[in-house]
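Please keep the sequence and the structure in view while reading.

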Amino acid sequence: MGAVKNKRMPRAVREQQMLDAAVRTFGQRGYRAASMDEIADLAGVSKPLVYLYLNSKEDLFTACIRREAAALTAAVRAGVHPGLPADRQLWEGLRAFFTHTAQNPDGWAVLHLQARTHGEPFAAEVTAMREELVAFVTQLIAVAAREAHRDPSPAERAEHEVAGLAEALVGAAESLAAWANTTPGVSAKQAAATLMNFAWAGLGNLMDGRAWAPPKP
C-alpha cells in the first residue's frame with residue numbers, strides 16, 4: 001500500500017515524492033517491468049496525477065535519470081576540496097562517489113544499468129553525466145601532473161593521455177560501484193581505497209616520470 005494521499009502537499013514536494021517512488025521502482029524492477037500504477041501507489045498519488053505532472057513513463061524515467069545524475073556529480077564535486085594535495089583530492093572524490101552510490105543503490109541502478117540498456121534518449125542522459133565526471137577527473141590528474149613537475153604550465157605529456165587516464169578511472173569506478181553494491185560487507189570506504197591503491201600507484205609513478213613502456217619489438 002502506498003503513502004497516504006495529501007491533496008494539500010505543494011507541487012514541488014509532491015513531484016519529488018513521485019520521483020522518489022519512480023527511482024525506487026525503476027531501480028528495483030527495471031524500466032520495462034515498472035508500472036505507473038505501482039509508482040503512483042508508492043508515491044501516494046493517483047496515476048492520472050503522475051501523468052499530469054510528468055507526462056509519460058518515458059518522461060518520468062528521463063526525469064529520474066537527470067535528478068540522480070545531478071545528485072551524483074554534485075556529491076563528487078562537493079567532496080573535493082581544491083586546497084588539498086592531488087592524491088587527497090582524488091581520494092575524497094572517490095570516497096564521495098562510492099558513498100553516494102552506496103547510499104542510493106536504486107538511483108545508481110537507474111544510471112548504471114537501466115538507462116544504459118534501453119537506448120536513446122536515456123543513454124544520452126547518462127553519457128552527459130559521465131562526460132562531466134571524466135572532465136572533472138581529467139582536471140584532477142592535470143593538477144597532479146603540474147604539482148609533480150612544479151610547473152604552472154600544463155603537463156608535458158599529451159592531453160589525450162591524461163584524458164585516457166580519466167576515462168579509465170571513471171570506468172573502473174563505475175564497475176567497482178556496481179560490484180560493491182551487490183557484494184555484502186564492502187563499504188564505500190573500502191571500495192574507494194581499493195581503487196585508490198590500484199590507480200594512484202600507477203599515477204604516482206607516471207607523475208614521477210616512471211611510466212611503463214611496452215617492450216621494443
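The text below treats the chain as a whole and then one of its helices.

The model is predicted, so local features need pLDDT of at least 70, side-chain atom pairs count only at pLDDT 80 or more, and totals for chains, interfaces and linings use all residues. Residues are numbered from 1 along each chain as its sequence is written, and side-chain values use heavy atoms, with hydrogens and water left out.

The chain holds 9 helices and 0 strands; helices are DSSP runs (H or I, at least four residues) and strands are runs of E of at least two, numbered from the N terminus. Of its 217 residues, 42% are buried, where buried means under 20% relative accessible area and exposed over 50%, with a 1.4 Å probe and protein chains only.

| Residues of α3 | State |
|---|---|
| Leu49, Val50, Tyr53, Leu54 | buried |
| Pro48, Leu52 | exposed |

Seen down the axis of α3, the buried residues fall within an arc of 105° and so line one face of the helix; the arc is that of the directions from the helix axis to the C-beta atoms. These buried residues pack against α1, α2 (36-43) and α4 (57-79). Just after α3, Asn55 has a positive phi of about 70°.

Helices α1 (residues 11-29) and α3 (residues 47-54) pack at about 105°, their axes 11 Å apart. Therefore α1 is roughly perpendicular to α3, a term for angles of 65 to 115 degrees. Arg11, Arg14, Glu15, Met18 and Leu19 of α1 make the contact with Leu49, Val50, Tyr53 and Leu54 of α3, contact meaning heavy atoms within 4.5 Å.

Technical notes. Axes fitted to C-alpha atoms, helices over the stretch in contact; angles between N-to-C directions. Parallel < 35°, antiparallel > 145°, perpendicular 65-115°, else oblique.
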